[in-house]
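Here's a quick briefing to read alongside the model. Have the sequence and the 3D view open, and we'll go topic by topic.

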Amino acid sequence: MSLPKISCAPASRLLSSIHDLRWLLRSVTPLSVPRRALVQSEYRRPGQPREDKPQWQMFKFDFSKGLEGIKKHFKLLRHEFSGRLVGPEGKPIIEHMLEQNRVIWEFRGPDSLQEWTLSSDREIGGQSEIYLKLGRNSDTCFLYGTLQNAPPRDGETRYSGYCTMRSKQPLASFDRKKHYDWSSFNTLHLRIRGDGRPWMINVATETYFAHQKYDIYSYFLYTRGGPYWQDVKIPFSKFFLNNQGRIQDDQHPLWLDKINTIGFTLGDKAEGPFQLEIDFIGVCKDYAHTEDFAYEVYKRNPEV
């Protein structure tokens, strides 16, 4: 059985009409990608040299440390499973329902300070300084430093002068994100002693999209100054949404069951020393407060 013959005349005429096939590839982008596009590097200030190290040199391999980490994470995983059998957050359901006050952070030793991180404009070339230590009786947190408004001389930064203390992101087993659930409460309760400066309280929640990673909820903290302690209660309905210091038009209430961190920021443009002493940070349920949200909310899909 003989196979039918296929005519190659159209293909030969097409190839003969094309003398140089390189013109077909002129509009195609090259396959080589710049190195800086492959690896996302951190922000580098103008004038600073760039660290040109391969990624494998930045990893530190330690076999004994790895075994300790495995034991630690499996212990946390067992604690998570046992806590779920007891109830929400490891508490019986009746205790969780009747709870009216809860202390989230208290400072009763050096280990409690490890749950917080400090930052200031010195990271971008500024001159402000911030420090954290225990109080006189080792049962409070003493935050102090110096605020300077002089911007760095890099030709790019125009404003400066801030100091921040923020809690670390809680982690579950195998470095999974763990969130605080404050849905049973409606008020933030603090016991502080300041020097009369106004602070900003920032609460960060879990977000859905990458462009929302800088969304935080903020409200003002006014300290009286003097030697007396000050009990501050701020309803969660008063916190407003902002992104990198810009108040957003589309406001919505705080997502209380996905709380990540809380922080304190000083940036009142008054140069000089500052101090803030904190006894505890907690949440409570105020039955006299019935407000859902203090700000105007856009009505989606309004009725016609």
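This is a predicted model: local features need pLDDT of at least 70, side-chain atom pairs count only at pLDDT 80 or more; totals for chains, interfaces and linings use all residues.

Buried means under 20% relative accessible area, exposed means over 50%, and partly exposed is anything in between (1.4 Å probe, protein chains only).

Residues are numbered from 1 along each chain as its sequence is written, and side-chain values use heavy atoms, with hydrogens and water left out. Helices (H or I, at least four residues) and strands (E, at least two) are DSSP runs numbered from the N terminus, and contact means heavy atoms within 4.5 Å.

**The open sheet**

- Two strands pair if DSSP finds at least two bridges between them.
- An open sheet of 7 strands runs in the order E2-E5-E12-E7-E8-E10-E11, with antiparallel pairing.
- E2 and E11 sit at the edges with a single partner strand each, so one side of each has no neighbour in the sheet.
- The antiparallel pair E2 and E5 is joined by 5 bridges, and Ser 119 stands opposite Thr 164 in E5.

**The largest pocket**

- A pocket here is an open set of points on a 1 Å grid over the protein atoms alone, where a 1.4 Å probe fits, with protein on both sides within 12 Å along at least five of seven lines; lining residues have an atom within 4 Å of a point.
- The largest pocket has a volume of about 1900 Å³, the volume being the space filled by probe spheres set on the points, which are joined across faces, edges and corners.
- Its lining takes in 49 residues, with Thr 164, Tyr 214, Ile 216, Gln 244 and Gly 245 nearest the centre.
- Strands giving two or more residues to that lining include E2 (116-120), E5 (163-167), E8 (215-222) and E12 (259-266), but E7 supplies the largest share, 7 residues.
- By residue type, the lining divides into 17 nonpolar, 20 polar and 12 charged; Ala, Val, Leu, Ile, Met, Phe, Trp, Tyr, Cys and Pro count as nonpolar, Asp, Glu, Lys and Arg as charged, and the others, Gly among them, as polar.

- Ile 216 belongs to strand E8 and is partly exposed at 22% relative accessibility.
- Leaving aside neighbours within four places in sequence, Ile 216 is in contact with Asn 202, Val 203, Ala 204, Phe 240, Leu 241 and Asn 242.
- Ile 216 and Asn 243 are 27 residues apart in sequence, yet 6.4 Å apart in space, C-alpha to C-alpha.
- Gln 244 sits in the loop between E10 and E11 and is exposed, with a relative accessible area of 57%.
- Phi of Gln 244 is near 55°, a positive value in a residue other than glycine.
- For context, most residues other than glycine have a negative phi.

**The loop between E5 and E6**

- Phe 174 is in this loop, and its phi is positive too, near 60°.
- Ser 173 is found in the loop as well, but is buried, with a relative accessible area of 0%.
- Setting aside neighbours within four places in sequence, Ser 173 is in contact with His 73, Leu 76, Leu 77 and Glu 80.

**The E3-E4 hairpin**

- E3 and E4 form a hairpin with 6 residues between them, and Ser 138 in the turn has a positive phi of about 60°.
- The two strands pair in the antiparallel sense over 6 bridges, with Leu 132 opposite Leu 143 in E4.
- E3 has a covered face of Ile 130, Leu 132 and Leu 134, and an uncovered one of Glu 129, Tyr 131 and Lys 133.
- In a regular strand, side chains alternate between the two faces of the sheet.

**The largest nonpolar core**

- A nonpolar core is a set of buried Ala, Val, Leu, Ile, Met, Phe, Trp, Tyr and Cys residues joined through side-chain atoms within 4.5 Å.
- The largest one has 39 residues, and those with the most contacts inside it include Trp 116, Trp 182, Ile 201 and Phe 264.
- Strand E13 (residues 272-284) gives this core its largest share, 5 residues.
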